[in-house]
Amino acid sequence: MTTIAFLTDIHLDEVDMNSHGVDPYHNWQKALADVATRHVDHVIIGGDIGSSSAYAHFFDSLQKLGIPYHAIIGNHDRYDDVVAHYHEPLKGDHKQLYYSIDPDGTRYIFLDSSPGAISAEQLEWLRRQLETPHQIMLCVHHPVLSVDTPVDHLYPLQNRDELHAVLENSAKTITILCGHYHMPHEHTEGLLKQYITPAVSYQINEQADEIQISSERFGYRLITLDGGRSKTELIWLKA
């Protein structure tokens with residue numbers, strides 16, 4: 001059995017956080033402290049870490065947590081700044097942070113959607129990665145399946161139809177872990193099961209007609225894999 005903590009959208013050192021009533025460092029440290037109390041085997045960071053000025057502190061705090069971790073980057077992150085601090089031995093190439101690992105009978109595939117799209121190079125690499133007998137966990141900052149919410153209408157993954165086609169054509173059951181929308185949401189389409197995870201910074205109202213921000217609580221997601229089966233739990237914390 002393997003338990004993963006998926007934490008995303010931390011937004012450290014970003015200038016507009018105070019105006020949203022958010023203390024990102026407080027939230028981040030509180031989230032890490034909560035993770036430390038649980039039986040977590042590894043941590044996955046879902047992107048939008050924040051300003052490059054925060055990266056040294058961010059990755060140092062993950063090292064001090066003492067739990068193995070992997071990271072992807074989001075549209076607020078920059079490859080060069082992240083890899084100066086992130087010592088993942090497989091950093092991808094051509095300034096894109098994508099890679100895969102097979103630690104526990106699961107293939108974890110990490111994609112780089114930081115430009116707002118998945119490159120043709122990544123899509124071709126992904127096709128090959130999906131040729132595996134392992135169960136598949138896909139980690140990408142932007143959701144692949146659409147959601148009827150203002151963030152999706154304004155800031156979707158630009159070529160998600162292409163990514164969706166690659167995943168669908170594999171005829172594999174695939175779990176997708178993502179963030180970007182600052183809200184919890186679960187959606188199944190065919191063999192694809194998508195889990196959008198709430199942000200460690202602030203939340204966005206899924207049902208509103210326009211973007212509405214709430215800073216009263218924040219959270220992350222636990223995913224437990226056991227013999228080909230998975231279950232998930234949202235962890236909510238008060239700001």
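This is a predicted model: local features need pLDDT of at least 70, side-chain atom pairs count only at pLDDT 80 or more; totals for chains, interfaces and linings use all residues.
**View 1. Strand S1 and its two faces.** Let's start with S1, residues 2-7, where 6 of 6 residues are buried. Side chains in a regular strand alternate between the two faces of the sheet. Here Thr2, Ile4 and Phe6 point one way, while Thr3, Ala5 and Leu7 point the other way, and all are buried.

**View 2. The neighbours of S1.** S1 pairs with strand S12 (residues 217-226) in the antiparallel sense, over 5 bridges. In this pairing, look for alanine 5 opposite leucine 222. S1 also runs parallel to strand S2 (residues 42-45), and 4 bridges join the two; isoleucine 4 stands opposite histidine 42 there. With helix H1 (residues 24-36), S1 and S2 make up a right-handed β-α-β unit.

**View 3. Tryptophan 28 and the largest nonpolar core.** This core has 47 residues, and Leu7, Trp28, Val43 and Ile45 are the ones that touch the most other members. Leaving aside residues up to four places away in sequence, tryptophan 28 touches Leu7, Ile10, Leu12, Ile45, His57, Phe58, Ser61, Leu62 and Val200. Elsewhere, a second, separate core of 30 residues includes Leu145, Val151, Tyr181 and Leu192.

**View 4. Aspartate 148 in its loop.** You will find aspartate 148 between strand S6 (135-139) and helix H5 (150-154). Its relative accessibility is 64%, so aspartate 148 counts as exposed. Beyond residues up to four places away in sequence, aspartate 148 touches His153 and Glu206. The side chains of aspartate 148 and histidine 153 are joined by a polar contact of 3.0 Å. For orientation, 27 Å separates the C-alpha atoms of aspartate 148 and isoleucine 4, which lie 144 residues apart along the chain.

Methods
Residues are numbered from 1 along each chain as its sequence is written. Side-chain values use heavy atoms; hydrogens and water are left out. A nonpolar core is a set of buried Ala, Val, Leu, Ile, Met, Phe, Trp, Tyr and Cys residues joined through side-chain atoms within 4.5 Å. Buried means under 20% relative accessible area, exposed over 50%, partly exposed in between (1.4 Å probe, protein chains only). Contact means heavy atoms within 4.5 Å. A polar contact is a pair of N or O atoms within 3.5 Å; within protein, one must be able to donate a hydrogen and the other to accept it, and residues adjacent in sequence count only if both atoms are side-chain atoms. Two strands pair if DSSP finds at least two bridges between them. A crossover is right-handed if, with the strands pointing away from the viewer, the path from the first strand over the helix to the second runs clockwise.
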